[in-house]
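Let's take a walk through this structure together. Have a look at it first, and then we'll go from the charges to the strands.

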Amino acid sequence: MSRQSLVHRIISAENITSTVTSVQSGAAPFGANVARVVSTAAVNIVINNNPTATTATGAAIRVTDEAWFVVSPSTTVGGTDGDKIASIGTATVNVTWLAG
């Protein structure tokens with residue numbers, strides 16, 4: 001079995017200051033179909049066009065995780081209709097929007 005390398009182009013990145021209430025990222029920019037998520041502490045995330053994260057739902061991201069997700073990008077340059085990532089839990093969550 002061979003190992004495949006995945007190479008992505010960085011579109012943009014942002015930090016979400018996550019708290020005990022759900023906080024959303026900006027929309028996935030035009031051309032970004034992958035999101036890389038890392039966090040300074042454990043959080044739960046939800047991804048869709050208007051997400052709300054709760055501790056009972058969503059994907060758990062641990063401080064040691066580097067998580068990659070397929071997302072729907074905005075349909076136009078500068079658009080705001082792409083997927084967003086909502087996070088809950090006290091942490092700084094870095095979202096890197098990638099084209100892949």
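**Charges, surface and sheet**

In the chain, the 5 positive and 5 negative charges have mean positions 7 Å apart; Lys and Arg count as positive, Asp and Glu as negative, with His and the chain ends not counted, and each charge is placed at NZ of Lys, CZ of Arg, CG of Asp or CD of Glu. Keep in mind that this is a predicted model, where local features need pLDDT of at least 70, side-chain atom pairs count only at pLDDT 80 or more, and totals for chains, interfaces and linings use all residues. Residues are numbered from 1 along each chain as its sequence is written, and side-chain values use heavy atoms, leaving out hydrogens and water.

Now for the overall build. The C-alpha trace spans about 40 × 35 × 20 Å along its principal axes. Of the 100 residues, 37% count as buried, meaning under 20% relative accessible area with a 1.4 Å probe, protein chains only.

What about the elements? The chain has zero helices and eight strands (a strand is a DSSP run of E, at least two residues; a helix is a run of H or I, at least four).

Four of the strands form an open sheet, ordered β2-β7-β4-β5, with antiparallel pairing (two strands pair if DSSP finds at least two bridges between them). β2 (23–24) and β5 (59–61) stand at the edges with a single partner strand each, so one side of each has no neighbour in the sheet. Further in, five bridges join β4 (residues 43–48) to β7 (residues 84–88), antiparallel to each other. There you can find I47 opposite I85 in β7.

Key. Buried < 20%, exposed > 50% of the residue type's maximum accessible area, 1.4 Å probe, protein only.
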